[in-house]
Each structure stands twice: as C-alpha cells, then as structure tokens.
Amino acid sequence: MQDLEIYIRDLEPAAISGWLENQLDDVQLDDSDVTSVVKGSAWFNGTRLRITLYPGAFGKRFTSVLMEGDDLPWNSDLDCARSAWRAMEGEIRCSTGDWKEGDPVEDEKWWRLDHRGEQRVVWN
C-alpha cells in the first residue's frame, strides 16, 4: 500500500472531486461539505484507491487530502500537488520527503505551491 498526501488551503466544496474526475476513474467522493472528514474511493489502472479528506490540518485553513492504494497516478506528493494546483490554483503544500524521525520539527521544510511558484518553506 502506497499513499500520497497534500494539504489544500481554504478548500472549496466539490473542488477535489472536480479535480480527480479528470485524473481517475469512477470517483465516488461527496465533497459538497468539506467541514468534516470525507471518505471516498476511485479507480486507477484497475486498482481501487481510498481517498480521505481531513479538514483542520495544521490549523483551520488547510485540508489534508490522503490517497492510498497499490497503484497511484502520481510518483510523489509533489507531483500530486502540482496536478491539484493546476486544477484549483489555490495554495497547496506537501512534504519534501526529506524529514526523518528525530529531526527538529522547526527545521522541517514543505513545498508550497501558489501564485508565486514552488518554494520550500517552513510551515509557519
């Protein structure tokens, strides 16, 4: 099982399903209300994916989007974030993949994609 996780600032209702319907098959995700946890599924290359939205991640303005499956449409969180940004054009963040258990959290860097481009930033 693999997973991809991105964080979307100020997520609009139905934005995730609208994006994923152009990327995956048979998207079953009712994201018309994104104020509570939303669970759904979709298919990619004949493999079922689980999709979960967790609002209130890293403060109230971000929603975590987690996709899990044996075969995923993107090779990294950053590839997934780029695809989401092209569809939604809001601020999207994801892990750089560099952080390791035991590293100081204040040194942890994240990718931030927004109208300014792609930048490695500290979350705060």
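How many salt bridges does a search of the whole structure find? The search finds 9. The model is predicted.

## Glu 91 and Arg 9

Glu 91 pairs with Arg 9 in a salt bridge. Their closest N and O atoms are 3.3 Å apart. Arg 9 belongs to strand 1 (residues 2-9), and Glu 91 sits in the loop between helix 2 (77-88) and strand 6 (92-95), so the contact ties together parts 82 residues apart in sequence.

Glu 91 is buried, at a relative accessible area of 11%. Arg 9 is partly exposed, at 28%.

## Glu 91 and Arg 93

Glu 91 also forms a salt bridge with Arg 93. Here the closest N and O atoms are 2.6 Å apart. Arg 93 has a relative accessibility of 7% and counts as buried. Glu 91 is buried too.

## Arg 112 and Asp 114

Which side chain meets Arg 112 in a salt bridge? The partner is Asp 114, with an N to O distance of 3.5 Å.

Some salt bridges share partners. They join Arg 9, Asp 10, Arg 61, Glu 91 and Arg 93 into one network.

How values were computed. Residues are numbered from 1 along each chain as its sequence is written. This is a predicted model: local features need pLDDT of at least 70, side-chain atom pairs count only at pLDDT 80 or more; totals for chains, interfaces and linings use all residues. Side-chain values use heavy atoms; hydrogens and water are left out. A salt bridge is a side-chain nitrogen of Lys or Arg within 4 Å of a carboxyl oxygen of Asp or Glu. Helices (H or I, at least four residues) and strands (E, at least two) are DSSP runs, numbered from the N terminus. Buried means under 20% relative accessible area, exposed over 50%, partly exposed in between (1.4 Å probe, protein chains only).
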